[in-house]
Amino acid sequence: SVVLVTGCSTGIGQEAAIQLAERGHKVYAACRNPDGADELTARIDSCAGDIVSVSLDLLDQSTIDTCVNGIVEAEGRIDVLVSNAGIGGGRAMEETPMEEFREVYETNVFGTLAVMQAVIPIMRKQRSGRLVNVTSLAAVNVFGCHGTYSSSKAAMETICTALSQELAFFNIQVSLIEPGCILTPQWSKGTPPPEDSAYGESFTRLMGFGQFGLNRAATTDDSSAAIIDAIEADSPRF
């Protein structure tokens, strides 16, 4: 299969891209700045499979079009899209600036959907394809001070539910991957609330849940196994 994976600079996307290449798929590993993705570059150089890094920014439609068109020009098809790229966001609803809320939605919802909209017409013409969307357990297990991220992932789950029904007529299958606590660099990218926040207790509760999960964390290998199953299974689960 020809597979496009987004968000490959670190974490789940990178691991899935490498493992898919090693299993014989032709993989295009996308991130915003491949030239600065040193970890990805090093792993590609040592990978025995067929994998290429490409530039794709969820907030820049021109990079999406260039990436997708380039793959089709080179391969003649796209069989799988793994939508993994996204950003986090966590603080109380009252204290979340609207710019931050919009940034999370622009990336996790609108940007992710833009890539799907670029790829789906190709799959429809092929009358085959698989869309694998990495959402989160946070979409269904919601905590205070995490509503921005959780709601963006819940929105994608609703969108994918509709897509799964619409695209079934074209032999395009849709799957959701819902990681829980995974040891990835994303945990180090959060911004704590201000010290004078009125929601300190709620944030402390969220951190307690996160620490509980991280003490029993799954790995990027576990998530990659679920992604691979959604791609290679004869009848993948939604």
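I began with the contact of α4 and α5: F101, V104, Y105, N108, V109, T112, L113, M116 and I120 in α4 meet T148, Y149, S151, S152, K153, A155, M156, I159, C160, L163 and L167 in α5 (contact means heavy atoms within 4.5 Å). By class I get 14 nonpolar, 5 polar and 1 charged residues (Ala, Val, Leu, Ile, Met, Phe, Trp, Tyr, Cys and Pro count as nonpolar, Asp, Glu, Lys and Arg as charged, the others, Gly among them, as polar).

I note that this is a predicted model, where local features need pLDDT of at least 70, side-chain atom pairs count only at pLDDT 80 or more, and totals for chains, interfaces and linings use all residues. Numbering runs from 1 along each chain as its sequence is written, and side-chain values use heavy atoms, without hydrogens and water.

Next, the geometry. Helix α4 (residues 98-126) packs on helix α5 (residues 147-167) at about 20 degrees, axes 9 Å apart. The two are therefore roughly parallel (angles under 35 degrees). Their crossing is right-handed.

Then I looked up α1 (residues 11-22) and α2 (residues 38-46). They pack at an angle of about 10 degrees, with axes 11 Å apart. That makes α1 roughly parallel to α2. Q14, E15 and I18 of α1 make the contact with E39, L40, R43 and I44 of α2. I sort these residues into 3 nonpolar, 1 polar and 3 charged.

Last, the strands. β5 (residues 129-134) and β6 pair in the parallel sense over 6 bridges (pairing takes at least two DSSP bridges). L131 has V174 in β6 as its bridge partner. In β6 (residues 172-177), 5 of the 6 residues are buried, so the strand is largely enclosed by the rest of the structure (buried is under 20% relative accessible area, 1.4 Å probe, protein chains only).

Notes
Axes are lines fitted to C-alpha atoms, for helices over the stretch in contact, and angles run from 0 to 180 degrees between N-to-C directions. Helices (H or I, at least four residues) and strands (E, at least two) are DSSP runs, numbered from the N terminus. Angles under 35 degrees count as roughly parallel, over 145 as roughly antiparallel, 65 to 115 as roughly perpendicular and the rest as oblique. A crossing is left-handed if the near helix is turned anticlockwise from the far one by less than a right angle, and right-handed if clockwise. Buried means under 20% relative accessible area, exposed over 50%, partly exposed in between (1.4 Å probe, protein chains only).
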